[in-house]
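Take a look at the protein shown here.

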Amino acid sequence: MHKLEELLEWGGTKKDVIFLVISGAALLLSIFGVSPFPFDMAWIAIILCGIPIILEAVIGLVTAFDIKADVLVSIALVASVIIGEDFAAGEVAFIMQLGGLLEDLTVAKARAGIEKLVHLTPRTARRITAASSGSDGIGNRQMGDRPAADNAVEDTDCGSEEIIPAEQVQVGDLLRVLPGETIPVDGVIVSGETSVNQAVMTGESLPVDKKPGDKVSSGTVNQFGAFEMKAEKVGDDSSIQRMIRLVQSADAGKAKIVGIADRWATWIVVIALTAAVLTWLISGEIIRAVTILVVFCPCALVLATPTAIMAAIGNATKHGFLVREGDALERLSTVKRITFDKTGTLTYGTPQVTAVESILPGISPSALYSYAAAAELNSEHPLGKAVVRCYKSETGDLPLPPDKFHMLPGRGVQTVISGRTVLAGNPELLRENHIFLPNEAVDKSELHLKEGCTVIYMAVDGVCAGFIALADTLRQDAAAVVDELKASGVTPVLLTGDHENAALHIARQLHIDKVHANCLPEDKLSWIDASQKDQHPVCMIGDGINDAPALKKAFVGIAMGKVGSDIAVDAADIALVNDDIKELPHLLKLSRRMMNTIRLNLTFSMALNFIAIILAITGILNPVVGALVHNAGSVLVIINSAFLLGWKKRN
């Protein structure tokens, strides 16, 4: 369906371009008096460009009494034709259609972000139909691989289960979720341990360990161990459905900026008609009245905004921004606050080893690092993969694989390396193996935990040997970008789903004073809504699915186009294609420069119109010369806007 809409939209644009080319050629022939037909060639422009304007004006007036710039243009067209000034009528129609085309080209195509969110909704669930004592099974099936129409029943060692459509799950139902499956509804784990990827809801880059009693949300993904859960929120009450409604409501509530020419259209029409009628009554010359209508046509006024926007969008494209909404830059120029998501926006979104602490005299930090990399070599956990990746990056080689490897979901790994038993995981893993965690290790690890790091504790042959600390790392230019944005007069704010320690640590490094951690999608949206109600327009910059409602709600949404999700990009007004955030200050200053250009264009076009009116009233200008004068004004407006293409901010 969307492909068809895009095809029709492109077909309409292509038709407009063809009509403008033909009309432009016809007007040139009309200027030189050349016509292979028994009528003025300007009539081609009148028919191709003028009739659509007249029809749109009539429909707007009849159906909604909507007075726009096209009303005055229609009056001028008809009046010019009546007195035989065909070229003036054709030229006005051509310029107005050119402005309309430029405006249309700045409007974004229909977006499919909400549809993609709907596709994230799990289609099926495994409902347990007989009592089960727990589940340790391993599976790799994805939810949705089975047809939702059939209630397939499977007998397992842990009890019977049936595959049902997710919308049929009732509160209190007992469900089983296998590794790799999407959690179908909100609920609480009753048996089993696992790690859950919650990025869709919180934006956290790392999975979160879960055990009996912990809450899980629909739309999040079970990474490792199988578990059983009790359904608590189902259907429209589930987390993923709430997010879909948030995106829809945020989109519906975002006001669109009305074009300057249309905003002033009523006054322009009243002034033009009054001046024309009075001139006719006083002078008795109808041609003067028509000339006033022609020169008062807001051609330059109509071109003032879209030409500047088109040029600014071209400039933004050269700096890595894809502007998806025509008025996004206009809105960006007025923002008072810029809110950042943390993971994947201010940081790279990939954990790095930041510290290796050994507390055993016989094991050096480098040896402990080698043990950790070897132990995690076969691990599927993102933290384990990060340890191996960082070790290879620093040493240029991979360690030898362990002799034995056993993964313990929600705990860590247990391995045998060169005859030595090596454990790598959380404190619970060490306690379950009766390994004492010394105060020295606890105190040192606390320092890293306060900075937002994640810690992997290590034990060798039954003794705690130290730990590996990992953390997400700041983007290289993040601090400079935040400082430059603050210098531009906007307030940076950190809105993140990460824990408070990690958020505060990043904020201190970037000199961000306003921090809100542990934010769910509705929390981000609520904060932005409250800020904008207090007359502080917000620009939201994010990358994850959980940022989609906030990106929609914000006055301007900017998504990280390279690492960000498709849904975040679809929800945003602007996409940063290469994720190079150092260009953000340029975009902000470009938007303000664009608005200055638009104001200059508007001032010039209005001044030119009033001067031309005075000359028309005195009879100095006739309709043809008047059309050429305000045509020259339109050209000057376009030239002034074109300077934005090569504009660069001053350092």
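A salt bridge is a side-chain nitrogen of Lys or Arg within 4 Å of a carboxyl oxygen of Asp or Glu. By this rule the protein has 22 salt bridges. The model is a predicted one.

## Overall make-up

The protein contains 24 helices and 23 strands. It has 651 residues, and 53% of them are buried. Its accessible surface is about 28700 Å². Carbon and sulfur atoms account for 59% of that surface.

Side chains of opposite charge can pair when their charged atoms come close. Glu162 sits in strand E3 (residues 159–165) and Arg127 in strand E1 (residues 124–128), so the pair ties together parts 35 residues apart in sequence. Glu162 and Arg127 are both buried.

## Asp529 and its two partners

Asp529 forms a salt bridge with Lys533, at 3.3 Å from N to O. Both residues belong to helix H20 (residues 521–533). They are four residues apart, which is about one turn of the helix. Is Lys533 buried or exposed? Lys533 has a relative accessible area of 61%, so it counts as exposed, since the cut-off for exposed is over 50%.

Asp529 also meets Lys553 in a salt bridge, at 3.6 Å from N to O. This pair links distant parts of the chain: Asp529 is in helix H20, while Lys553 is in helix H21 (residues 548–553), 24 residues apart. Lys553 has a relative accessibility of 18%, so it counts as buried, because buried means under 20%.

## A network of charges

Which residues are linked in a network of salt bridges? They are Arg126, Glu161, Arg176, Glu181 and Glu228.

## Two helices side by side

Helix H10 covers residues 286–295, and helix H23 covers residues 584–617. Their axes come within 9 Å and cross at roughly 170 degrees. Angles over 145 degrees count as roughly antiparallel, so H10 and H23 are roughly antiparallel to each other.

Which residues meet in this contact? H10 brings Arg288, Thr291, Ile292 and Val295. H23 brings Asn609, Ala612, Ile613, Ala616 and Ile617. The residues of this contact divide into six nonpolar, two polar and one charged.

Technical notes:
Residues numbered from 1 in each chain as written. Predicted model: local features only at pLDDT ≥ 70, side-chain atom pairs only at ≥ 80, totals over all residues. Heavy atoms only, no water. Buried < 20%, exposed > 50% of the residue type's maximum accessible area, 1.4 Å probe, protein only. Areas by Shrake-Rupley, 256 points an atom, 1.4 Å probe, with all protein chains shown as cover. Axes fitted to C-alpha atoms, helices over the stretch in contact; angles between N-to-C directions. Parallel < 35°, antiparallel > 145°, perpendicular 65-115°, else oblique. Contact = heavy atoms within 4.5 Å. Nonpolar A, V, L, I, M, F, W, Y, C, P; charged D, E, K, R; others polar.
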